[in-house]
Amino acid sequence: MNAAGSPVDGVVAVAAIVLSLLVAVWALIATLRHRAPDRIQLIGLGVLELALLALAVLAGVALAGGDQPGEPGAFFGYLVTLVCLPPLAGVLARMEPTRWGSAIVCAICLVTPVVVVRLQQTWEVLGG
């Protein structure tokens, strides 16, 4: 079975990936301009967190409905990591109010799409 039946694949996942990449670009520009993390980066991280929480809710609903990920241990590990990334970026960015704070936001926002894709892959192994 392909990812079409996966609860972690679809509009919410694509929106999270696109949003994460947009925040990463914004943070990269700030880093290159020697700017500390700004309100736009922090708001972007907040909106990204909401999208990732929605993805987690979709996964929870599917699990409650009897669906199972192909690799449950890896799936839950990626899910927990994914939901923790934006708050971690926000805290670290606030602790480092220099261009390096923006670099932290950029790096974490570049990791997030990779974790989303891995989450999808761990669901698909047994066909979800």
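## Ground rules

Helices here are DSSP runs (H or I, at least four residues), numbered from the N terminus. The model is predicted, so to speak: local features need pLDDT of at least 70, side-chain atom pairs count only at pLDDT 80 or more, and totals for chains, interfaces and linings use all residues. Residues are numbered from 1 along each chain as its sequence is written, and side-chain values use heavy atoms, with hydrogens and water left out.

## Thr-112 on helix H4

Let's start with one residue. Thr-112 sits in helix H4. Is Thr-112 buried or exposed? Its relative accessibility is 1%, so Thr-112 counts as buried (under 20% relative accessible area, 1.4 Å probe, protein chains only). Beyond its neighbours within four places in sequence, Thr-112 is in contact (heavy atoms within 4.5 Å) with Ser-20, Leu-48, Leu-52, Leu-82 and Leu-85.

## H3 against H4

H3 and H4 pack with their axes 9 Å apart, at an angle of about 165° (lines fitted to C-alpha atoms over the stretch in contact, angles from 0 to 180 degrees between N-to-C directions). H3 is therefore roughly antiparallel to H4, a label for angles over 145 degrees. Residues making the contact include Leu-82 and Leu-85 of H3 and Thr-112 of H4.

## The nonpolar core

The largest nonpolar core has 27 residues; such a core joins buried Ala, Val, Leu, Ile, Met, Phe, Trp, Tyr and Cys residues through side-chain atoms within 4.5 Å. Among the members touching the most others are Val-8, Leu-55 and Phe-75. H4 gives the largest share, eight residues. Val-8 also has contacts with Leu-55, Phe-75 and Leu-119, among them.

Terms used. Buried means under 20% relative accessible area, exposed over 50%, partly exposed in between (1.4 Å probe, protein chains only). Helices (H or I, at least four residues) and strands (E, at least two) are DSSP runs, numbered from the N terminus. Angles under 35 degrees count as roughly parallel, over 145 as roughly antiparallel, 65 to 115 as roughly perpendicular and the rest as oblique.
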